[in-house]
Amino acid sequence: MKTTLTCLKKCFANGMCAENPTFRLMLGLCPTLAVTVSAENGFGIGIAALFVLLGSNTIISLIKNFVPAEVRIPCYILVIATFVTIVKLVLQAYLPALYERLGLFVDIMVVNCIILGRAEAFASKNPVLPSIADALGMGLGFTLAAGVIGSIREILGNGTWFGVPVLGAWFKPVIAMILPPGAFITIGLLIAGLNAVTARLQARQSE
Amino acid sequence: MEINITRIIGIAVAAIFVNNFVFARFLGLCAFIGISKKLDVALGMGVAMTFVVTMSAIITWPLYHFILVPYKLEYMNIISFILVIACFVQLVEFFVRKFNPALYKALGIYLPLITVNCVVLFATLLNAINNLSFLESVVQGFSAGIGFALALVLMTSIRERLELARIPAAMQGAPLAFIIAGLLSLAFMGFSGLTIG
C-alpha cells in the first residue's frame, strides 16, 4: 500500500515540476499563449484541460488492452474529442462568458499535444490509478503555467489581477503585453529564467 | 451564385497577414518551434501543411453542410473533423514516403503530427462556424497554410543566422526562439487594421 502511495505521489509531482508540460516539455503551447490575456482565462483553460486529461487518461488506461496497436491513435483522439465536446457543452451551458472568451481554443484542445502525449506515453502503459495521478499532475502543472503567464500578462498589460486593480494609478499599462508579442516574450523569458535557475542548482549539487 | 472577388482577397489577406495563424493566433507552435532549424525542411513542412489544410477545408465543407447541418449534429463537428483529417494525413504520409523518402526522413515525426496540428482543425472549424461558402473555405484553408509556411520560413532563416551568434546559455534554443517569435509578431501587428472587402 505504501509503495503504491509513493509511486502515485511521484507520478503527480513529475507533472507539476520535473516534467512540467509547458516549461519543460514545451507541449500544448497554442492555448497556453493564445488565451492567457488574463489570469482568469489562464486558469480557466487550465482547468478545462485538467478535466479532459483526467477523463481521457482514465478511459484510455481502462481500454488499453482491447485496442489494437495499429489503430490506437485514432481511438485515443476519439476518446479525447468526446471529453472535449463534453467540456465545451458544459462551458456553453454554465459559463457562457468564459466560453465566449476562450472560443475555439476549447475546441482545439482535441489536438493538444499534452493530452494526446500523456495518453500515448503514460495512460496506454500504466494501470488506472497512476494514470489518474499523472493526469492530475500534468493538468495542474499546465494550469499553473497558464495561470502564471495569464497573471503576468494581466498585471503588466492591464494593471489588474483577476479584474482587481493591483498596481496604483501611477502605473501605465503596457498594452503590448496583452497583445500577441507579449505572450511570446513572457514565455521566452520564463523558460530562460527557469533554465538559468536549474543550471545553477545543478552546478551547486555537483560541487 | 456570384463570386465576390474583394471578399475572397480580404479573407486571404486576413488569414496570411492580419490574423497570421502563428503570430496572431498562436496556432501550430509545437511544429513552429520544433522544426524551424533548417530551411529546406521548413519549406517542405510548409508545403505539406498548405496541402493538408487546403484539402481538409475541401473535405470538411461538404461534411458539415450536407451531413451535420441537415441532421442538426453541429456539435459533432470536432469529432467528425478530426477523424477526416487524421485519415487524410495518413494518406499524405504514405504518398510522401513513396515519392520523396528524403523529405519523409527529414520531416520525421512532424508529418504524422500535422494531424494534431491545431492550424488544420482551427481553420476547418473556423470555416464551419463563420458559415463560409465553399470557395471562401478553400481560400481560407489555403491562406492559413501559406501564412504558416511564411512564418516558418521567416523564423528558420533568422534562426539559421543566429546559429553562430554568442548567446547566454540559458537563452539557447526554445527561449530565444520565443523571443524572436515575439519580435516577429510585433512586426506582424503592423498589418492589423488592414481590411479589404
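The contact between the two chains takes 33 residues from chain B and 34 residues from chain A; two residues are in contact if their C-beta atoms, placed from the backbone, lie within 7 Å. This is a predicted model, in which local features need pLDDT of at least 70 and side-chain atom pairs count only at pLDDT 80 or more, while totals for chains, interfaces and linings use all residues. Residues are numbered from 1 along each chain as its sequence is written, and chains are lettered from A and ligands numbered from 1 in the order in which they are written.

On the side of chain B that touches chain A, the elements giving two or more residues are helices H2 (29-35), H4 (77-99), H6 (118-129) and H8 (174-188) of chain B. Helices (H or I, at least four residues) and strands (E, at least two) are DSSP runs, numbered from the N terminus. H8(B) gives the most to this side, with eight residues. By class, the side of chain B that touches chain A has 29 nonpolar, three polar and one charged residues. Here Ala, Val, Leu, Ile, Met, Phe, Trp, Tyr, Cys and Pro count as nonpolar, Asp, Glu, Lys and Arg as charged, and the others, Gly among them, as polar.

Turning to chain B as a whole, eight helices and zero strands are found. The radius of gyration of chain B, taken over C-alpha atoms, is 18 Å, close to the 16 Å that the globule rule gives for 197 residues, so chain B is as compact as a globular protein of that length. The globule rule is 2.2 Å times the number of residues to the power 0.38. The C-alpha trace of chain B spans about 60 × 45 × 30 Å along its principal axes. Buried residues make up 44% of the 197 residues in chain B; a residue is buried if 20 or more other C-beta atoms lie within 10 Å of its own, exposed if 12 or fewer, and partly exposed in between, with C-beta atoms placed from the backbone.

Of its 12 residues, 11 are buried, so H6(B) is largely enclosed by the rest of the structure. Its buried residues pack against helix H2 (29-34) and helix H6 (104-107) of chain A, together with helix H3 (39-68), H4 and helix H7 (134-162) of chain B. The axes of H3(B) and H6(B) come within 9 Å and cross at roughly 35°; axes are lines fitted to C-alpha atoms, for helices over the stretch in contact, and angles run from 0 to 180 degrees between N-to-C directions. In this contact, H3(B) contributes residues including B:Met49, B:Val52 and B:Trp61, and among those of H6(B) are B:Val119, B:Ala123 and B:Asn127. By class, the contact of H3(B) with H6(B) has 10 nonpolar, four polar and no charged residues.

Most residues other than glycine have a negative phi. B:Asn131, which follows H6(B), has a positive phi near 55°. B:Phe26 has a positive phi near 60° and is found in the loop between helix H1 (5-18) and H2 of chain B. With 26 C-beta neighbours inside 10 Å, B:Phe26 counts as buried. B:Lys72, in the loop between H3 and H4 of chain B, has a positive phi near 55° and is exposed, with 8 other C-beta atoms within 10 Å.
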